[in-house]
Amino acid sequence: MRLGSRFTTLFGVLSAAAAVLLILVFDETLRRAVEDRVVARFERERDYLAEELDRFPARPEELDASLRRAAKVLECRITLVAPDGRVTHDTDLLPADVPAMENHGTRPEIRQARESGSGAATRFSATEGEDRLYFARRRPNGDVLRLSVAAAQVREIELPYLWSSRAAIVLACLALFLVGRSLSKRFSDPIGELTEAASAIAAGEPGRELPSSGAEEVQLLGASLRRMKDSLERAAERADAERRLTAMVFEQLPDGLVVVDSRLHVLESNARFARMIGVPAPAGRAVYDLLRNRALYELFETTLKTGETAEKTVRLGDEIVWHVIVAAIPGGSRAAAVGALRDVTRLERTESMRRTFVADVSHELRTPIASIAAAAETLSEGGTDEADTAQLLDLIRRQSDRMRELIDDLMDLAQIESGAVELRREELSLPALLREVARELAPAASARSIRVSVAADEEIRVEADRRRLGQIVRNLLDNAIKFCRDGGAVRLDAGRAGRETFFSIGDEGPGIPRAEQEKIFQRFYQIDRSRAKTRPGTGLGLAIVKHLVQLHGGRIEVESEAGAGSTFRVFLPAV
Ligand code: ADP
């Protein structure tokens, strides 16, 4: 029930109770007061009549008529009783009937009057069949004069007084009720408004204003509520900003994040997680359905069971490697655990490349170092003839060249990748450069009966760094010869294609499977070390080539089919 209605009810009940109580008290007081006055009046009238009768004694035959006149005027019954109790006159009876009346000598008022001069009584009258009031007085001659009046008649006199007093009480109480109600409304209405506004705010209507009217206490309450509302709003704003920040961080994290409930169903996840698992909206789905990996699922299960953080690196198929950390979320919220999934495929690959590379470099270095050491030892022992000495010295030179080549490649790649290489561009003849490199590598080709041919339009010129373009051609031709079948052919070609100038180097080697064609340009990537017909490479050549081509503003393509040779084609912007 509202405070206002409570006050109204309370004032209503109090006013009604007060009215009833006052009416009861006043009715009684009023009745007594009126009765006292009526009694006093009749006593006065009795005494006056008695005195009048004595002062102007009527003749016996006129006495009855005088008494009846007086009874009419005074609106009462008049009885005259002789000293022996006999009724001599009675204004309510015919004179003929009076002698038959019962002796009144024992009536209390008559006895009292005879003894003390006056008497009064109230009792039931058998003659009239009603309650009556009697007022008696002894006359000097011993008779008793008695006036009697019906009690109902007295009540009739009382009635208007009673009703006006009751009406006054009711009106006063009504006025009291109205004043009380209006006062209480002045107090309760602002509280009601405050309550309503506070409820609206609690129900999510933050813009709702709190009223500031009413009594001082209500105003203080309103001010406190307003302060509370302000601080709540500020707290909500802060929480909202923090939530937005968390959501942003959650979304921007490079790791896939997934929050699960105790049944291992996804509650929330970020975009990275959706991308990693390839499901656009994972919310509500079971972790196992999404990940389809027992090891990962068990990781989540273990964390939920033990409450401890667990982590694992998991391989999905041949390619993908994830490092996953699952932590339990304490505190009885719906969220039971959070998993962070990091795709470490590249890292793993780089790491394995680094390991392979270190092994390769060590291997590459060990072989020439061993050869050099052996040759040096033989030479230091002496006793070699001139031809052997020359051969050994040549071996030392070639092996040191090889080491230098490897170190150069490494340095080159490091330099190119760090962006420190600056091209010294010049306009040069592409066919001339191709021929120059072909000549350089001719010994390696002819050693395995490989024919190297250059077929290019002599006019074709490019703007390039001579040394770097030579390096590109050398690396590609070196590979072509290296992988070409013995006795096969390697063709160098140059031409124009639209706004580009290109050159290509085709061989008759094992070809490169389509799936590998992009990867061979990555650092240290080698399809299969045993493919090379001669020495194995370092896996750096094509990475260097690709970087250098891009540095020239060009691009490189490979066209190959397994078993049908490969053609590497380099496009450069036309001069
Ligand atoms: P490497 O020093 O091993 O030759 P590259 O970066 O030059 O390193 O080449 C990377 C890999 O690409 C090689 O190991 C080889 O597997 C493959 N490859 C490069 N050129 C050819 C080619 N002409 N024919 C077949 N495979 C090739």
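## Overall make-up

The protein chain contains 13 helices and 17 strands. The model is predicted.

## Dimensions and packing

The C-alpha trace of the protein chain spans about 205 × 55 × 40 Å along its principal axes. Its radius of gyration is 65 Å, whereas a compact globule of 575 residues would have a value near 25 Å.

Of the 575 residues in the protein chain, 38% are buried. The accessible surface of the protein chain is about 33000 Å², and carbon and sulfur atoms account for 54% of that surface. Among contacts between residues at least 6 apart in sequence, 56% join residues at least 24 apart.

## Residues around the ligand

There are 18 residues around the ligand, and Asn479, Asp507, Gln526, Thr538 and Leu542 come nearest. By class, the shell consists of eight nonpolar, seven polar and three charged residues.

Three elements each supply at least two residues of this shell: α12 (466–483), α13 (541–551) and β17 (566–573). The largest share, three residues, comes from α12.

## Polar contacts and burial of the ligand

Asp507 has a polar side-chain atom 2.8 Å from a nitrogen atom of the ligand. Taken alone, the ligand exposes 520 Å², and the protein buries 97% of that area.

Terms used:
Residues are numbered from 1 along each chain as its sequence is written. This is a predicted model: local features need pLDDT of at least 70, side-chain atom pairs count only at pLDDT 80 or more; totals for chains, interfaces and linings use all residues. Side-chain values use heavy atoms; hydrogens and water are left out. A residue is near a molecule or strand if one of its heavy atoms lies within 4 Å of it. A polar contact is a pair of N or O atoms within 3.5 Å; within protein, one must be able to donate a hydrogen and the other to accept it, and residues adjacent in sequence count only if both atoms are side-chain atoms. Accessible areas come from the Shrake-Rupley method with a 1.4 Å probe; for residues, only the protein chains shown count as cover. Helices (H or I, at least four residues) and strands (E, at least two) are DSSP runs, numbered from the N terminus. Ala, Val, Leu, Ile, Met, Phe, Trp, Tyr, Cys and Pro count as nonpolar, Asp, Glu, Lys and Arg as charged, and the others, Gly among them, as polar. The radius of gyration is taken over C-alpha atoms; the globule rule is 2.2 Å times the number of residues to the power 0.38. Buried means under 20% relative accessible area, exposed over 50%, partly exposed in between (1.4 Å probe, protein chains only). Contact means heavy atoms within 4.5 Å.
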